[in-house]
Amino acid sequence: MSLLTVKHVTKSYQAGKATVNNLSFELNKDECLGIVGESGCGKSTLASCLLRIAPIDSGSIFFKNEAIEQLNERQLHPYRRNIQIVLQNPAAALNPKLKIKDSLINLYAQYSRELNHSHFSYTSRDAFVKQLLEGVELPSGVANQYPHELSGGQRQRVTIARAISIEPELIVLDDRKP
Ligand SMILES: Nc1ncnc2c1ncn2[C@@H]1O[C@H](COP(=O)(O)OP(=O)(O)OP(=O)(O)O)[C@@H](O)[C@H]1O
Ligand SMILES: [Mg+2]
């Protein structure tokens with residue numbers, strides 16, 4: 001079954017100049033798709049459209065055969081869990097006042113009731129954080145640090161761990177420039 005179908009999607013910020021122009025592709029479960037292009041060609045714009053952060057001008061985006069532009073706020077809730085984004089600028093995704101362990105738990109806590117199992121039921125909160133950090137090959141000491149104490153790449157791995165924590169069906173990775 002198709003996980004994501006993008007059909008003839010067009011999005012422009014300026015009249016007469018399309019950033020995303022009549023784009024179509026399909027992505028199935030367990031597949032990876034890389035989208036490459038020069039700076040400013042519309043990769044992050046596409047990511048915003050997929051997450052319904054930016055409305056599209058025309059075309060359709062289907063997630064598991066459901067047109068996302070037609071979802072209301074209530075229907076968007078499970079969609080927003082199932083499709084996660086790792087932002088190009090990871091600093092923007094982490095609250096500078098929170099320790100990494102608290103940022104990691106935040107998103108999970110928001111959706112824990114909807115997940116089939118609770119990590120907290122068989123392990124401690126700290127063990128769960130440690131497991132998430134191990135998954136992205138970060139040392140457990142990172143848990144007690146603040147975002148500004150990490151490198152850009154480490155911060156990005158924290159945001160990947162955070163996205164994975166709620167078991168989304170699709171992750172959009174908007175890569176950071178070297
Ligand atoms: N919110 C916005 N309002 C107006 N214009 C925007 C907005 N977001 C992006 N743009 C414009 O749309 C174009 C595509 O930007 P986008 O961020 O999608 O590029 P990108 O492919 O992600 O580039 P990079 O590789 O540098 O991240 C650029 O010309 C940009 O100025
Ligand atoms: Mg970008």
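The shell around ligand 1 is made up of two nonpolar, seven polar and three charged residues, where Ala, Val, Leu, Ile, Met, Phe, Trp, Tyr, Cys and Pro count as nonpolar, Asp, Glu, Lys and Arg as charged, and the others, Gly among them, as polar. The model is predicted, with local features requiring pLDDT of at least 70 and side-chain atom pairs counting only at pLDDT 80 or more, while totals for chains, interfaces and linings use all residues. Residues are numbered from 1 along each chain as its sequence is written, chains are lettered from A and ligands numbered from 1 in the order in which they are written, and side-chain values use heavy atoms, leaving out hydrogens and water.

**Ligand 1**
- Twelve residues surround ligand 1, a residue being near a molecule if one of its heavy atoms lies within 4 Å of it, and the closest are Ser-39, Gly-40, Lys-43, Thr-45 and Gln-88.
- Oxygen atoms of ligand 1 lie 2.6 Å from a polar side-chain atom of Gln-88, 2.7 Å from one of Lys-43 and 2.9 Å from a polar backbone atom of Gly-42.

**Around helix H7 and strand E6**
- Ser-165, in the loop between helix H7 (152-164) and E6, counts as buried because its relative accessibility is 1%, the cut-offs being under 20% for buried, over 50% for exposed and in between for partly exposed (1.4 Å probe, protein chains only).
- The side chain of Ser-165 reaches the backbone oxygen of Arg-162 at 2.7 Å.
- Ile-171, found in strand E6 (residues 170-173), counts as partly exposed because its relative accessibility is 31%.

Notes:
A polar contact is a pair of N or O atoms within 3.5 Å; within protein, one must be able to donate a hydrogen and the other to accept it, and residues adjacent in sequence count only if both atoms are side-chain atoms. Helices (H or I, at least four residues) and strands (E, at least two) are DSSP runs, numbered from the N terminus.
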